[in-house]
Amino acid sequence: MAIFEALLKIVYHHLLTSTMTEKSTLLLLISIALCCTQLTWGYSAKEDARIIADYKRQLKFNPSELNHAQIARKLVHQANWASVGTISTNSMVKDYPMVNIISINDNDVDHKSTGRIRFLLTDLDFTGPDWQNNNKVTMLFTDEQTLHCMHSRPIIDPMEPTCQRVMISGQVIRMNKDDTSYDEALVSFVERHPAAKNWLKAHKFYLCELDIKNIFVLDYYGGPHNVATNDYYNVQL
């Protein structure tokens, strides 16, 4: 763009000193150049890199020092709910992606984060029938769930990469009531979500856990980061 602007200045100088015929020719060339430029303006990797570099220089931290696994765990632990995506079995939208809100918990009985995502489901809702047909789901957690981005100064739009988010894909596993960890997991969930007491009585909810297969963290410009499951679970909060 800088080169193009310099060329325009040179052409403008010639317009001031040229004959009418020369001016007509130059104006025609300028029109063609402008049209071609409009056609080619769009995403520029170099321009994107320049903007990111300028932004980094204004920061008080080095983005390369971001701990992506820790960010993933923090986002999961601070959230009371997740957006979950499934493949729909509902006859109205069969085979379309379906999204739903489910309450989640990653605490143990001592209220410490484990990273294990547990949740109650019912077959009366969208997610229950969907996962039994295809148990592969993706959950989204974002820092805006706590309104952190909105309360930042300057305000960070929820779609900005700096409004941190994590997309966790995995398979839904229905927990076995005979499992030694089941009772503690259920107690911990109900402590965090007291309304669940009524759910369990009236709507045949059952406890599930996400068997995590992949983790993407988006916490800065430049694209998502893939976090290994072991690194995620090894984080101490």
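In which helix does N234 lie? I found N234 in helix 8, which covers residues 229-234.

**Basis.** I worked from a predicted model, in which local features need pLDDT of at least 70, side-chain atom pairs count only at pLDDT 80 or more, and totals for chains, interfaces and linings use all residues. Numbering runs from 1 along each chain as its sequence is written, and side-chain values use heavy atoms, with hydrogens and water left out.

**Whole chain.** I looked up the secondary structure and noted 8 helices and 7 strands in the protein chain. Helices are DSSP runs of H or I with at least four residues, strands are runs of E with at least two, and both are numbered from the N terminus. Of the 237 residues, 34% are buried. Buried means under 20% relative accessible area, exposed over 50%, and partly exposed in between (1.4 Å probe, protein chains only). Among contacts (heavy atoms within 4.5 Å) with a separation of 6 or more, I noted that 68% join residues 24 or more positions apart.

**N234.** Is N234 buried or exposed? I recorded N234 as exposed because its relative accessibility is 56%. I also noted that its C-alpha atom is separated by 9.6 Å from that of R73, which is 161 residues away along the chain.

**S88.** I located S88 in the loop between strand 1 (81-87) and strand 2 (97-107). The S88 side chain reaches the backbone nitrogen of N90 at 3.0 Å. Leaving aside residues up to four places away in sequence, I listed V93, K94, D95, Y96, M98 and D130 as touching S88.

Note on methods:
Polar contact = N/O pair within 3.5 Å; in protein donor to acceptor, adjacent residues only side chain to side chain.
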